[in-house]
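Could you walk me through this protein, one piece at a time? I would like to see how its parts sit together.

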Amino acid sequence: MSPTNLLRFITCGSVDDGKSTLTGRLLWDSKLLSDDQIKSLEIESKKFGTQGENLDFALLVDGLQAEREQGITIDVAYRFFSTPQRRFIVADTPGHEQYTRNMITGASTADLAVILVDARKGLLTQTWRHAYLCSLMGIRHLVLAINKMDLVNYDSAVFSKIQQDFAQATAMMNFKTSIAIPLSALKGDNITERSSQTPWYQGPSLMGYLNQVDFESAFDTQGDLKKISKENRFIFPVQLVNRPNSSFRGFSGSIAEGQVCVGDEVHVFPSGKTANVASIFIGAEARVKARAPEAITLTLDQEIDVSRGDVFSLAKTPLETTDQFQATIVWLSEEPGLPGRSYDLKLATQWTQTTLTQIKYKVDVNSLNREAATVLGLNDICVCTLATNKPLVFDKFATSKTLGGFILVDRFSNATVGVGMINHKLRRGKNIRRQPLTVKRSDREKLNGHPGKVIWFTGLSGAGKSSLANKLESELHVQGYRTILLDGDNIRHGLNKDLGFTDADRVENVRRVAEVAKLMLEGGLVVIIALISPFKQERQMARALIGENSFIEVYINTPLAICEARDPKGLYRKARNGELPNLSGIGSVYEAPENPELTINGSGAEINDRMLELLSGLKSFGLISGTRKS
């Protein structure tokens, strides 16, 4: 099989292993640099004390003097070069652990990885981390570049020891080919030709290997059977509904997998409708056939509902869907990932809200052993289960990067906080279906004589939530409203008695209460909740679950000093004495609402004054008539 013309690869490894120098050397040896670039490299190299044969090749990648003076690469630097045999795109990725997210960015589109090791230091934790991440990201071809051999006098024993240790440790990883090459990126040993300094090494030079490696089946982990199945299916996530004029309606995007021909019958998810392909365009050129990874616009022979985020497949090979699955997640945020917390999930062009339902275990990158975990920390690699708000077209990551790989996005900051690879769907996601009910919420509200609402009191411990919520329920009860009060302490005596006060447990506490509130809201009740609920994200989750028009957030704004002075349960005293480490406002954060429907000043001594303020505010929501029923 002839090698593919374009090879995408990454260079990775620990800090100062020589990644930028190696990438710069590859650019230099490709002989595609302009005279200006060569002159600039010579001048800049002299500034940093190198000259002659020892040009500072890292400058071709790091570029700016300010970056070079810091001595680190913190972003992914993409460079392009070519040889007579092949074209290359190389992503030089940072070595610092805190920039692992950048390494994953480069690995997401790579076919091969070059992991560098400093011969003097040997294999480090970051070496294992990057090797494991490359395996997770679907890279199946690996080069272990044992660099700086000149600094260990080209000792073959040093090379052999590192090579053997690495091969043993990565034997269980999913690499199809792995080769170790002794290098000196600075001096050029074994970069383009085998070096006379390493007569004991009989393998290819780095460029010799990169020019010849056959990676066409790099993601083929199931042999010829998978090749056949991929040729018979078509995956086309819709990126744009193309309407340049009233007479043309096309659907644009890139073919993720397979091929399509004019006349093929296609299936559209999520509508389930089918139609035949009427035309295919690449730019303005009409085609009868297109295949991955071409960007196309296609039209159908009949009008069916299609939107951005929908996915086309061949009708004869429909794709699977799920709303619950297990995935391996690499956490990229300093803000911890918590079970029960909701995130936005992007899979291909599909967007939905998802909940991290369980962390099954964390992977130790040194030993690959499984460890217990309750939260996702920065750079953690964990196997988790997730549930989405709607079904998604999916595939296992081992079969399809497009339909098996996803990102998680924080719903407040819009920052990407995690990347995931789907392992398999959960059976319960397919077997459980919603049972339609005859009696609707509107029927119950009509019988009750008032709309259902959820009034959610939040504030610090001692702010006055429970007292005010209890007084409000009494007032509504007198007026004939059908109510229920869910108080945080009472809930923890029953439904949530298994939960503690860690951040993860607080998230789960709010999730359960919100789910109960939603069920009671379906009964047409006015549900009053008194709960610290310290995190904005979980209160937003509750609002989204219950519905914007049914959710009233009431913030009891009482300063910490006043709450601590009241201390009705003695919690603040215990917290100050170190007996209660996770009290909101002391040992754990409380995130005050930014735009609650109502804010009540909880500092006043008289609860009746606060009650009047609350009743006045609730009138606009149609709950308080102002007169009591006799």
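Predicted model: local features only at pLDDT ≥ 70, side-chain atom pairs only at ≥ 80, totals over all residues.

The buried ones are Gln126, Thr127, Trp128, Arg129, His130, Ala131, Tyr132, Leu133, Cys134, Ser135 and Leu136. H6 itself covers residues 125-136 and reaches 16 Å from its first C-alpha to its last, close to the 16 Å expected at 1.5 Å a residue. Just after the helix comes glycine 138, with a positive phi of about 90°.

What does H6 touch? One partner is helix H5 (residues 100-107): the two axes come within 10 Å and cross at roughly 35°. This crossing is right-handed. From H5, the contact uses Thr100, Met103 and Ile104, while H6 brings Gln126, Arg129, His130, Leu133 and Cys134. Sorted by class, the residues in this contact are 4 nonpolar, 3 polar and 1 charged.

Threonine 328 sits in strand S17 (residues 320-331). Is threonine 328 buried or exposed? At 6% relative accessibility, it counts as buried, because the cut-off for that word is under 20%. Leaving aside neighbours within four places in sequence, threonine 328 is in contact with Leu136, Ile381, Cys382, Val383, Val419, Gly420, Met421 and Asn423. Leu136 is also one of the buried residues of H6. You can compare sequence and space with another pair: threonine 328 and phenylalanine 397 are 69 residues apart in sequence, and their C-alpha atoms are 9.8 Å apart.

Now move further along the chain to a sheet. Here 5 strands form an open sheet with parallel pairing, in the order S25-S26-S24-S27-S28. At the edges are strand S25 (483-487) and strand S28 (598-601), each pairing on one side only. Neighbouring strands are turned by 20° against each other on average, direction ignored.

Start from S24 (residues 453-458), which is joined to S26 (residues 526-530) by 5 bridges. One link to find is isoleucine 455, whose bridge partner in S26 is isoleucine 528. S24 also pairs with S27 in the parallel sense, over 5 bridges, and there valine 454 has phenylalanine 551 of S27 as its partner. S27 then pairs with S28 over 4 bridges, with tyrosine 555 partnered by threonine 599. Of the 7 residues of S27, 6 are buried, so this strand is largely enclosed by the rest of the structure.

Helices cover this sheet too. Helix H13 (residues 465-478) lies across S24, S25, S26, S27 and S28, running at about 165° to S26. Helix H16 (residues 536-546) packs on the sheet as well, touching S24 and S27, and its direction makes about 155° with that of S27.

Finally, step back to the whole protein chain. There are 19 helices and 28 strands in it, and buried residues make up 51% of its 630 residues. Among contacts with a separation of 6 or more, 72% are between residues 24 or more positions apart.

Definitions and conventions
Residues numbered from 1 in each chain as written. Heavy atoms only, no water. Pairing = 2+ DSSP bridges. Helix = DSSP H or I, 4+ residues; strand = E, 2+ residues; numbered from the N terminus. Axes fitted to C-alpha atoms, helices over the stretch in contact; angles between N-to-C directions. Contact = heavy atoms within 4.5 Å. Expected span 1.5 Å × (residues − 1). Buried < 20%, exposed > 50% of the residue type's maximum accessible area, 1.4 Å probe, protein only. Left-handed = near helix turned anticlockwise from the far one by under 90°. Nonpolar A, V, L, I, M, F, W, Y, C, P; charged D, E, K, R; others polar.
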